[in-house]
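Please work through the exercises below with the sequence and the model open beside you. Each task is followed by a solution that goes step by step.

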Amino acid sequence: MADPMKIRAQMKGDVAEIRILMSHAMETGQRKDAAGNTVPAHFIQSITIDVGGKRVVDGQTGTAISRNPVFGFKMKGAKAGDKVVVNWVDNKGDKRTDEATVA
Amino acid sequence: MKRSIVMATALTVTWSLPAAAQTKDANAEFEKFRAEMEESNPAELFELKGEELWKAKRGPKNVSLAESCDLGQGIGKVEGAWVKMPRYFADADAVMDGERRIVWCMTEKQGFKFADIAKKPFQGANDNNAPDITNLVTYVASASKNMKFDMPLHDDKVRDAYETGKAMAAYRAGPYDFSCNTCHGADGKRIRMQNLPNLSSPEGALRGVQGWPGYRMTGGVMLTSQWRMNDCFRQQRFPEPKYASQAVTNLIAYMTGNANGQMYKGPGIKR
């Protein structure tokens, strides 16, 4: 079971600033553990973000992203009260969905 | 980076870049990065876990810390507790820093065994999760965000810990004949590209206590002040202090005392 995300969404003028903190190991599959065995790759593969019922981000991610990644962006067309729904799926099929409201 | 400077100076004699200027620029760049990251510090993920742990009934005695642990501001109260520790706790008859106090609560109130906590108290470079104690420390520290350090230095016992910590910081020993102050006792010292805070000054001490608990971007791990003390001891080639011992509390008391009166910004973020 994946750990919750932390989502911050704030209007700054007519631009919404959205920042998402995800809790994930983001293993590249290139590392070896203390016993010399390869640590299997485990990373977030796709992220979707809906704001106010509209899909604004639909992306693929890979192993070049750090552990516990931060994803931030600014967008026009959102307003206070809009619901932000973030969803990710990793390469092992584990997933997580969290929500926040634009303030 | 160092190599490129050496090569450049070897190629042309006329061209030289003062190392100090380069360090300053690199620092300014890094400060920008840090400022950006402060707004989305992954430490918040550990705060969330710590809050859950604080409120959950756990341990052999099946009680929560929220209903049993007094951090000096009343049972279960975390707001502002972090910036007022180390302080003297009558029930334990000891001056304790935040991490040590939480460990004390876990053993005395929840019935955990100290040896079990001390077996692996810090997150390793390859661990995906931080130990419970680190999450708890991060949560408690975050509850003092934007408050001023106010360690009770007027208390004789706390003053004692502070003075002992000060003496420890000046104690030179080991194969390198190092003390804490060798690196952290004067302005303008650095190791490689890292500027080292002068812990005897209010600004330097603030950098110390502000940094830990902190999220270290290298490796993506959450680490506490206790870990930092252990690592300083290790770098001096000293024997590492026992986990949650008085020695560590004394050093933290010395730093916190010097940082008193300044604002705490919450759990830190490190390179």
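The exercises that follow treat the sheets, the helices, the cores and the contact of the chains in turn.

This is a predicted model, in which local features need pLDDT of at least 70 and side-chain atom pairs count only at pLDDT 80 or more, while totals for chains, interfaces and linings use all residues. Residues are numbered from 1 along each chain as its sequence is written, and chains are lettered from A and ligands numbered from 1 in the order in which they are written.

**Exercise 1.** Describe the open sheet of chain A that has three strands.

Solution. Start with the order, which is 1-2-5 with antiparallel pairing; strands are DSSP runs of E with at least two residues, helices are runs of H or I with at least four, and both are numbered from the N terminus. Two strands pair if DSSP finds at least two bridges between them. Next come the edges, strand 1 (6–12) and strand 5 (70–76) of chain A, each of which pairs on one side only. Strand 2 (residues 15–21) of chain A is joined to strand 5 of chain A by seven bridges, and A:I18 has A:F73 as its bridge partner there.

**Exercise 2.** Describe the open sheet of four strands in chain A.

Solution. The strands follow the order 4-3-6-7, again with antiparallel pairing. Strand 4 (54–60) and strand 7 (95–101) of chain A have a single partner strand each, so one side of each is left without a neighbour in the sheet. The twist from one strand to the next averages 15 degrees, an angle between lines fitted to C-alpha atoms, for helices over the stretch in contact, with N-to-C directions giving values from 0 to 180 degrees. Between strand 3 (residues 44–51) and strand 4 of chain A there are six bridges, and A:I49 is partnered with A:V57.

**Exercise 3.** Work out how helix 3 and helix 6 of chain B are placed against each other.

Solution. The axes of helix 3 (residues 43–55) and helix 6 of chain B come within 7 Å and cross at roughly 100 degrees. The two helices are therefore roughly perpendicular, the word used for angles of 65 to 115 degrees. Among the residues that meet are B:F46 and B:W54 from helix 3 and B:L136 and B:Y139 from helix 6 of chain B, where contact requires C-beta atoms, placed from the backbone, within 7 Å.

**Exercise 4.** Is helix 4 of chain B largely enclosed or largely open?

Solution. Eight of its eleven residues are buried, so helix 4 of chain B is largely enclosed by the rest of the structure; buried means that 20 or more other C-beta atoms lie within 10 Å of a residue's own. The buried residues include B:G98, B:R101 and B:C105, and the elements they pack against include helix 5 (114–119) and helix 10 (225–235) of chain B.

**Exercise 5.** Which residues touch the most other members of the largest nonpolar core?

Solution. Of its 44 residues, these are B:I102, B:V140, B:A253 and B:M255; a nonpolar core is a set of buried Ala, Val, Leu, Ile, Met, Phe, Trp, Tyr and Cys residues joined through C-beta atoms within 7 Å. Helix 11 of chain B gives the largest share, seven residues. Leaving aside neighbours within four places in sequence, B:I102 is in contact with B:I133, B:L136, B:V137 and B:V140.

**Exercise 6.** How many residues does each chain bring to the contact?

Solution. Chain B brings ten residues and chain A brings 13 residues.

Methods. Buried ≥ 20, exposed ≤ 12 C-beta atoms within 10 Å, placed from the backbone. Contact = placed C-beta atoms within 7 Å. Parallel < 35°, antiparallel > 145°, perpendicular 65-115°, else oblique.
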